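Here is a short briefing on a structure. Keep the sequence and the 3D view open as you read.

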Amino acid sequence: MFSSTTPVATAVPAQPTSKSTLLSIRNVAKTFGRNVVLRDISLDIAEGEFLTILGESGSGKTTLLRIIAGFESATSGEVWMGSERLDHHPPYRRRVNTVFQNYALFPHLTVEQNVGYGLRVAKRPEAEIAQRVSDALEKVQMTAHARKKPSKISGGQQQRVALARALVNRPRLLLLDEPLSALDANLRRQMQVELKSLQREVGITFVFVTHDQEEAMVMSDRIALLRSGELEQVATPREIYSRPATAYVAQFIGHTNLLRAEIRDGIARCGELSWRTPLADGPALFSLRPEQMRLAGGESAPGLSRVRGRVVHQAFHGATELIRVQCADGLVLVVRAPGGSVGQNDVELEFSGSDAILVRESPERN
Amino acid sequence: MFSRAYRTVVTAPPLVWVTIFLLVPYALMFCYSFWSVSSLQTIVHSWNFENYRELIEKPLYWETLLRSMWIAARVMLFSLALGYPLAYFLSFYAGKRKDLLYQLVIIPLWVSYLVRAYAWKTILGSDGVLNTLLQYLHLTSHPLDFLLYSPFAVVLTLTHIYTPFTILPIYAALEHIPRNLVEASHDLGATPAQTFWRVIFPLSIPGVVAGATFAFVLSLGDFLAPLLLGGPSGIMISNIVVSLFGAAYNWPLGAAISLGMLVIVVSLLFVSERLEKKWSFA
Amino acid sequence: MSGTSHVSRPRWLLVHAVAVFAFLYLPIAVLIVYSFNGQGVGGFPPHHLTLDWYRTLFADGAIWDSVWNSLQVAFAAMAISLAFGIPAGLALDRAQFPGKALFRRLVLLPLILPGIITGLSLLMLFNLSNTKLSLLTIVLGHGTALISVATTEVFAGLQKLDRAQEEASLDLGANYWQTFWRVTMPNLKLPIIGAALLIFTLSMDEIAVSFFLIGRDNTLPLEIWGRLRRGITPEINAVSTIIFLFSMVTIVVWYRLRVRAEGGAEVGAELVQTE
């Protein structure tokens, strides 16, 4: 069905370019009783990269993280760090640290003592501990609160302390389990930026788990999208957005129009829409992003396809409008137009056929 | 949200009852302690400090009090030593059987004191089960005397009775420790043993204090076990009080000792409450 | 999740747990076994199993009288404790008033105070008021001591109650009294029944306070106590076994009720807190 020249993105883990692999997850599967949570996950994580494991609740992302941390053991498969089997060690012997979802700060210890916990346990000299703790606190801007107990600081501040507590141990890998989900929107955006620059600064490999696709897009070097225990696609944010591999990926990340088309003699037809395509004949599923469609005016340029429709809904999103247009055959298209565009009732939309990306089906999975 | 009428209806009846049957009796006990007994075995309402002088001067009372405290302290320590690991096991390692095992812990808690004290009496006697068993197994050739009618028997029985009392609050405290703290500790490199001493134990201290207080205070005031199993060497302070209200007929002196015990207990409760507050981290 | 699923259970911990359970239950097991022993209370090994002691027990009039006395006392104590304990629980949970802390401590004090102090102080009250000692005085003693049980159970039940339910009721037009009867009380049904069961059992077994308030009629524990002073007979084993079985059943029922009401597993711990 697909020609060999088709630029279709695949779900094979894209190897990042110049860096070496730090963590290698090989064919990891996990079952709880009769519940299959992870199926055959293979993923290589490069040294120094910021990788996000993205997925809905129930996708298995937290389980995967916990397997890496050591709180769960895989039912089958292996986890390697460098040349060593990581999953043969209990969590307290791995050079991996975690920032927990609810921070898990020790309530009976001060901020300082929390941050220094790992170093004390490792019996480092007190002078070294004091130095490293104060450096870590400074990095997360919590120096002023060093003597306070966790109950006396805000959620955002607790999150920073949790971060410092993990980083001060200089782990080879830092795991972050939805650390920003308890914060309000503005604080969240701020922390996203801070986390990203912190990671650049310390150079430690971050594996970040979230269900928020915007967050993933903003922060990651690469995104691994997980659905029902399987990897849908692993790619950089730009690639995953512009070249989604499957219908699920296309819909999960950003908005899209999924067009079920029939290709004959180089023309793809979906209802009233039609456009040129070099693909072979047969049924095909396409993804077309709302911003790749435009409200047409006047003469149409060559190579662009057009379709008529009626506006059924318009949502103002500040910088843009998201307009839903219904075509004569009932197909509803979503179009992104500049903010302030007044949507008349009957409109004409135009787009370029080459912007329609072929995607694979995403069958229902339980 | 609640009107004055509601408040009155809800607080007045218990307050009245508690005043009549708790506060007034304590006040009366206070009064009695300043009265004395005439040679005709009647209580004379003449106010004096004689009873207190007697308590302070005669060594018998101090010695018995100290011995009682020592017995209570041992009961407390043994109950904690037995109870804490079990509570820890129940909270962290019991898995599916947690519910069932918990019930097994609370059943002895509420089953009759008398039944359990009696059980030990039959076991520890010179013809009792333990002695005859030991002889049957040829581990001993004659009955061991110290088993019964000794402080040992009292401590053993009271430990048996109060261990469940220590398990419960410790278990409750352990259950309240968020499990992600344990994981965080492991994540940061602490072994299970280090995690226990640095994280779990400190957070369980309020439960330990509550359980220890319970065991100590109730053991201190116990008079039944000494009567059944203590013998002459196992007399505790409450036994003296009992005899003062019985054959020795000196209610005022007995009231004085009781009042002293009340003061000691309330002070201990106060200290214990302070300690618990100090060690709770919400 | 117990947080330790990735750690294997230390062996010594399991051994210790088994040993402590054995310590708690073996004496009672011995008691039960020897209630069937023909040779009486001592001696090992037991042989000649018989139901004689139970037969003797059932024919023992004095024991039955004391059981009847205990039952009367237990039900009366239950009534008193609930009548005063439930309002006290409500007061502690809801009302704000000066001296609340003192009120709470006072109500809860008898739970942790050695019975002798409660018993003696009441004895002095009855003495000075020229009240004759009888089952009634025992009822008053039990009632006073066990109010705290009712209070704690009701309080615990109220804590688990979702305030939003009551607010919803008010929002839908019910006034405070209606809300109380239609929303609050039904949620307290299980804790109250649980408290009743517990009070009943504790009253039936109560001996320390009763010791000082007893008149002419004995309760069951005091009857047994009297016999113990005279000498041990296996009949006491028999009655102890029966007491144990009844208590056990009651406690298990109480536990199930509480778990159904709250779903939590630290049921009962609130009674052993000093705060």
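From the N terminus on, chain B runs α-β-β-α-α-α-α-α-α-α-α-α-α-α. That comes to 12 helices and 2 strands. Helices (H or I, at least four residues) and strands (E, at least two) are DSSP runs, numbered from the N terminus. The model is predicted: local features need pLDDT of at least 70, side-chain atom pairs count only at pLDDT 80 or more, and totals for chains, interfaces and linings use all residues. Residues are numbered from 1 along each chain as its sequence is written, while chains are lettered from A and ligands numbered from 1 in the order in which they are written.

**Chain B: extent and contact with chain C**

- The C-alpha atoms of chain B fill a box of roughly 75 × 75 × 35 Å, taken along the principal axes.
- Chain B puts 90 residues in contact with 78 residues of chain C. Two residues are in contact if their C-beta atoms, placed from the backbone, lie within 7 Å.
- Helix α1 (residues 4-32) of chain B gives the most to the side of chain B that touches chain C, with 17 residues.
- The side of chain B that touches chain C divides into 62 nonpolar, 17 polar and 11 charged residues. Ala, Val, Leu, Ile, Met, Phe, Trp, Tyr, Cys and Pro count as nonpolar, Asp, Glu, Lys and Arg as charged, and the others, Gly among them, as polar.

**Chain B: helices α4 and α7**

- The axes of helix α4 (residues 98-110) of chain B and helix α7 (residues 151-175) of chain B come within 8 Å and cross at roughly 135°. Axes are lines fitted to C-alpha atoms, for helices over the stretch in contact, and angles run from 0 to 180 degrees between N-to-C directions.
- α4(B) and α7(B) are therefore oblique to each other. Angles under 35 degrees count as roughly parallel, over 145 as roughly antiparallel, 65 to 115 as roughly perpendicular and the rest as oblique.
- α4(B) passes α7(B) in a left-handed crossing. A crossing is left-handed if the near helix is turned anticlockwise from the far one by less than a right angle, and right-handed if clockwise.
- From α4(B), B:Val105, B:Ile106, B:Pro108 and B:Leu109 meet B:Pro164, B:Phe165 and B:Ile167 in α7(B).
- The contact of α4(B) with α7(B) has 7 nonpolar residues, no polar and no charged.

**Chain B: helices α3 and α9**

- Helix α3 (residues 59-93) of chain B and helix α9 (residues 192-220) of chain B have axes that come within 8 Å and cross at roughly 145°.
- The crossing of α3(B) and α9(B) is right-handed.
- The contact includes B:Met69, B:Ala72 and B:Met76 of α3(B), and B:Val208, B:Ala212 and B:Phe216 of α9(B).
- The contact of α3(B) with α9(B) divides into 13 nonpolar, 5 polar and no charged residues.

**Chain A: strands and sheet**

- Strand β1 (residues 21-32) of chain A is joined by 8 bridges to strand β2 (residues 35-46) of chain A, and the two run antiparallel. Two strands pair if DSSP finds at least two bridges between them.
- A:Val28 has A:Ile41 in β2(A) as its bridge partner.
- The hairpin of β1(A) and β2(A) has 2 residues between the strands, and A:Gly33 takes a positive phi near 60° there.
- β1(A) also pairs with strand β4 (residues 76-81) of chain A, in the antiparallel sense over 5 bridges. A:Ala29 stands opposite A:Ser76 in β4(A).
- In chain A, 5 strands form an open sheet in the order β15-β19-β16-β17-β18, with antiparallel pairing.
- Its edge strands are β15 (293-295) and β18 (332-338) of chain A, and each pairs on one side only.
- Neighbouring strands of this sheet are turned by 45° against each other on average, direction ignored.
- Strand β16 (residues 304-316) of chain A pairs with strand β19 (residues 346-352) of chain A in the antiparallel sense over 7 bridges. A:Arg310 stands opposite A:Asp346 in β19(A).

**Domains of chains A and C**

- Chain A is divided into domain 1 (21-250) and domain 2 (255-359). Domain bounds come from an automatic or database domain assignment.
- The contact takes 6 residues from domain 1 of chain A and 6 residues from domain 2 of chain A.
- For chain C, the assignment gives domain 1 (8-50) and domain 2 (61-272).
- The C-alpha centres of domain 1 of chain C and domain 2 of chain C lie 30 Å apart.
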